Amino acid sequence: MSGITRRSLLTASATGLGLSRFAPLAAQTASRKTTIGIQIGAVSFVDEGVEPVLDILQGKGRVNTLFVAAFTYGRGIAGRQIPGQPLPDHGKQQYDTDTFHGGSYTAVHPKYFSNTSLRDVRAADLGNFDVFEAVLPAAKKRGLKTIAWFEDVFRNDTPGVRELEERDLGGRNATTLCFNNPGYRNFLLDLVEDYSRTWDLDGIMWGSERQGAFSNALGSRHGGGNWDPARVTCFCEYCQKKAAARGISFERAHAGFEQLAEFVRSAQKGTKPTDGYYVELWRLMLRYPELLAWENLWHDSLRETYQAIYAKIKSVKPAIGVGWHIWHNNSFSPIYRAEQDLKVLGPYSDFLKIVIYHNVAGERMAQYVGSVGRTAYGDVPKEELLRFHYDVLGYKDEGSLEQIAKNGFSADYVLRETQRARAGMAGAKTLLWPGIDIDIPTGAANSKCTPAGTRDAVLAAFHGGADGVILSRKYSEMKLANLAGAGEAIQSLGLG
């Protein structure tokens, strides 16, 4: 193999993707210390054993960093495979429908939780198993880094949670919690202080896959289906107080959202306004500028929560890396993308996980277009609306609505989104770690991950200038051949 250098390997890999012009950038990336991460829940270590799992992660995926799901009430990052989806070729071959509950998969210490009603959050799914106690020593012996990974997902039967929940347009409780509620803010700060002081962690990552009332009312997200535009949030007393301090009238905002809800209900019934959907929406926005002011208030509150978490962790252990999971809606909704200003996030972000899930992106884009195509863009034929989004988001033509659901998005999407994020972070010291899709569930007739597709997505991320990758969403739903596809890319790049 004499005469074959890392640069030539990179060039060969890039040429296979049609990306040879980016080989020098990828070679430069390869020379830096690179994070090869994987998201994994506690149940995988219980089902398969700590050492055998670590053998697989290092051997097949060339992983050097564990993103351990430490706290969540959601199935997206914890628990076994989602019921109804095929079980992977490892782990216990049964679903955990009757046993999954969620919470903190490591011990929580009451002395840190004195300023919040949310204290009883220890997950009972796995008995007394403590994921950090079991995994951290074994990981350190192997030279693996460990990052605590938790998300903004709760269940409404958790003791003390009701008083922290957001309020919708009618004043009803939502299942989501309010960033402006001091009880929730204190809980988040108490949780990260507990994790930071108790465990020798290399980092902490938090994710919130939510958005403001304006975007939610319009259905500006993937997921599709019917939704109630009056259930948008948040209009609680804390948000009203914060709005008043900014000079935003709650009464006018409330009236505007009531009008917006009526607009959406009519659109859902197929009743077209006299001047069309797009014009009528703009009429509402001009009449009630409080609609966008309230949307911006919500996202400012999210960014302030990032800052508070960052400051708390750094006050305990400055060496712990702190970063954020940026929701996949960033790939579909121009509104949500506008709200994710990476330069603004830079000063309180050591790293960012930008979700760039290639395989499931096709299905999700089709869902998003179907959703906003009934409201804001109801005048536009769906295929034209899809191509409009390709143009404004900077994608190549990935195919028709039917094709993208069946085929997923290409590695070119990963390349372009990585390049865009890198450019958006120019001048910041923040590390860019794209989230790479491995077997995230899709509809039965829709695209499925393959080893080659996974390999090409990982290669594209590095050719786009990534500092690392995070294999996602969770090991318990990944097929080992597809995990090995990621490992093949890492090895070909000389990174592991």
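Because six of the six residues of S1 are buried, the strand is largely enclosed by the rest of the structure. Helices (H or I, at least four residues) and strands (E, at least two) are DSSP runs, numbered from the N terminus.

The model is predicted; local features need pLDDT of at least 70 and side-chain atom pairs count only at pLDDT 80 or more, whereas totals for chains, interfaces and linings use all residues. Residues are numbered from 1 along each chain as its sequence is written, and side-chain values use heavy atoms, with hydrogens and water left out.

**Partners of S1**

Strands pair if DSSP finds at least two bridges between them. S1 and S12 run parallel and are joined by four bridges; within this pair, isoleucine 36 stands opposite valine 469 of S12. Four bridges also join S1 to S2, again in parallel, and there isoleucine 38 faces leucine 66 of S2.

Arginine 473 belongs to the loop between strand S12 (468-472) and H19.

**Helices H4 and H19**

Move to helix H4 (residues 50-61) and helix H19 (residues 480-492), whose axes come within 7 Å and cross at roughly 50 degrees. Axes are lines fitted to C-alpha atoms, for helices over the stretch in contact, and angles run from 0 to 180 degrees between N-to-C directions. The two helices are therefore oblique to each other; angles under 35 degrees count as roughly parallel, over 145 as roughly antiparallel, 65 to 115 as roughly perpendicular, and the rest as oblique. To see the contact (heavy atoms within 4.5 Å), display Ile56, Leu57, Lys60 and Gly61 of H4 with Leu480, Leu483, Ala484, Gly487 and Ile490 of H19. These residues divide into six nonpolar, two polar and one charged. In this grouping Ala, Val, Leu, Ile, Met, Phe, Trp, Tyr, Cys and Pro count as nonpolar, Asp, Glu, Lys and Arg as charged, and the others, Gly among them, as polar.

Arginine 62 lies in the loop between H4 and strand S2 (65-72). This residue has a positive phi of about 55 degrees although it is not a glycine, and its 28% relative accessibility makes it partly exposed. Most residues other than glycine have a negative phi, and most peptide bonds are trans.

**Phenylalanine 100**

Select phenylalanine 100 in the loop between S2 and strand S3 (103-104). The residue is buried, with a relative accessible area of 14%. Leaving aside neighbours within four places in sequence, phenylalanine 100 is in contact with Tyr73, Gly74, Arg75, Ala78, Gly79, Tyr105, Asp125 and Arg155.

Centre the view on strand S8 (residues 321-326), where six of six residues are buried. Strand S7 (residues 203-207) pairs with S8 in the parallel sense over five bridges, and tryptophan 206 stands opposite tryptophan 324 of S8. Strand S9 (residues 351-354) runs parallel to S8 and is joined to it by four bridges; phenylalanine 351 in S9 is the bridge partner of glycine 323.

For a further cis peptide bond, select threonine 233 and cysteine 234, where omega is about 10 degrees. Cysteine 234 sits in the loop between helix H7 (213-218) and helix H8 (237-245).

Helix H14 (residues 358-372) is largely enclosed by the rest of the structure, because 13 of its 15 residues are buried.

Finish in the loop between S11 and H18, where aspartate 439 is placed. Aspartate 439 has a positive phi near 65 degrees and, at 9% relative accessibility, counts as buried. Alanine 445 is also found between strand S11 (435-437) and helix H18 (451-463); at 63% relative accessibility, alanine 445 counts as exposed.

Terms used:
Buried < 20%, exposed > 50% of the residue type's maximum accessible area, 1.4 Å probe, protein only.
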